[in-house]
Amino acid sequence: MASSNASWSLLPFDLVENILYKVPVASLVRFKSTCKQWCALLNDKRFIYRHLELSREGFLRVHDHKLYQFINLETLALSSLQGPSDITSMIHCDGLLLSECRFDSVDKKLAVWNLFLRQIKWIEPINSIKGHYGFYGFGYDNVSRDNYKILKFCNKLGYDSVEIYEFKTQLWRSVHYSHAYSWYAWFDEAVSMDGNMYWFAERLNIDKSITKFFILCFDFSREIFKETCCLPFITRDDDWVIPHLSGFGRDSLSLLSKDKYAKIQLWVTNNVTDEIVSWSKYFNMTPPYLPIISCGFFRNMTFFIHKTNMIMLWCLEEDIQNKNIYVNVYEIGEDVVEKQVETERHRWCDQASFRSRCYVFVPTSLVPVPE
């Protein structure tokens with residue numbers, strides 16, 4: 001071991017640092033005991049966030065609200081992991097996961113955890129929002145990236161309230177909120193990106209009829225909601241099923257949807273910080289290229305655009321004719337399926353198969369859970 005350490009010490013430290021950027025988190029955690037210099041580097045915020053930016057996205061599957069599986073997109077192998085139980089929703093930010101855990105109809109708690117560092121922090125929801133419908137956001141103040149915040153938006157008997165939990169103070173506080181119109185956000189179609197939250201949302205008339213679909217953003221630095229852009233094609237009268245939202249790089253959004261004829265469209269935005277945000281079509285895919293998707297029905301679909309510009313897609317698919325539920329992972333290009341792997345299969349009568357969700361996250365994060 002001494003000779004190994006001596007060999008490393010002969011290398012320029014800049015070169016050692018560049019090598020460590022490519023090392024998985026599990027190994028880096030062990031390397032902290034190598035020497036004081038390495039320990040200081042691996043705890044340095046600059047290194048932690050640079051390592052995060054170079055890490056690849058992956059899929060985390062949650063089955064029956066409590067069983068976790070990481071899907072290795074290189075080998076498509078599944079590995080079991082440990083995490084909190086009874087989760088009902090989850091948001092990813094910087095390798096940290098925010099989960100709402102519902103132990104019964106009233107008792108709820110929030111968990112913020114790093115899956116691979118095996119760190120977890122439990123947060124008690126503010127009393128005023130217990131038992132009411134709402135949704136969460138997870139992000140940070142761009143002035144100080146490690147200043148993570150949790151948003152809770154709640155509608156109580158027609159009255160909207162906004163609370164924020166700030167890790168630096170470990171307190172909930174109310175935020176002034178006013179909006180010119182009513183809206184409803186699809187809490188399960190949400191993305192935390194570059195510190196802010198984005199949701200699909202529906203603008204509502206006074207009579208609760210829907211007039212518009214759009215992307216809603218919460219800016220954690222200014223602590224305000226704002227409308228980012230309209231959706232490119234979705235209306236209630238369209239033939240398109242519910243679209244799915246994901247990030248694209250660190251500054252753009254992507255949207256994937258399938259119509260009733262199984263045609264798939266992928267759209268992306270320009271930089272979401274631009275003055276005008278708009279969509280452009282990335283590509284189309286027609287049914288013959290996806291034989292199972294063509295005859296089945298999307299459930300709980302999750303996707304992201306890989307650095308190769310291919311779509312990595314996870315979904316549950318219901319084959320009504322054969323009464324099977326397929327759990328598939330696809331690698332998709334324009335009118336081509338590079339990979340199609342069936343990771344599991346269930347009978348339609350097995351209701352537990354419908355309780356699977358999959359999330360996009362960065363599995364190799366050194367970002368510690370805020371205390």
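Histidine 92 sits in strand S4, which covers residues 87-93, and keep in mind that what you're looking at is a predicted model. With a relative accessible area of 19%, histidine 92 counts as buried, because the cut-off for that label is under 20%.

So what does the side chain of histidine 92 lie beside? One of its polar atoms is 2.9 Å from the backbone nitrogen of glycine 95. A polar atom of the histidine 92 side chain also lies 3.1 Å from the backbone nitrogen of valine 362. Valine 362 turns up again once you skip the neighbours within four places in sequence: histidine 92 then touches Leu97, Ser192, Val360, Phe361 and Val362.

Now hop over to the loops. Aspartate 194 is in the loop that links strand S12 (182-193) to strand S13 (196-204). Its phi is near 50°, a positive value in a residue that isn't glycine. Aspartate 194 is partly exposed, at 34% relative accessibility.

At 44% relative accessibility, asparagine 309 is partly exposed.

Isoleucine 19 has a relative accessible area of 33%, so it counts as partly exposed and clears the patch cut-off of over 30%.

Key
Residues numbered from 1 in each chain as written. Predicted model: local features only at pLDDT ≥ 70, side-chain atom pairs only at ≥ 80, totals over all residues. Heavy atoms only, no water. Buried < 20%, exposed > 50% of the residue type's maximum accessible area, 1.4 Å probe, protein only. Helix = DSSP H or I, 4+ residues; strand = E, 2+ residues; numbered from the N terminus. Polar contact = N/O pair within 3.5 Å; in protein donor to acceptor, adjacent residues only side chain to side chain. Contact = heavy atoms within 4.5 Å.
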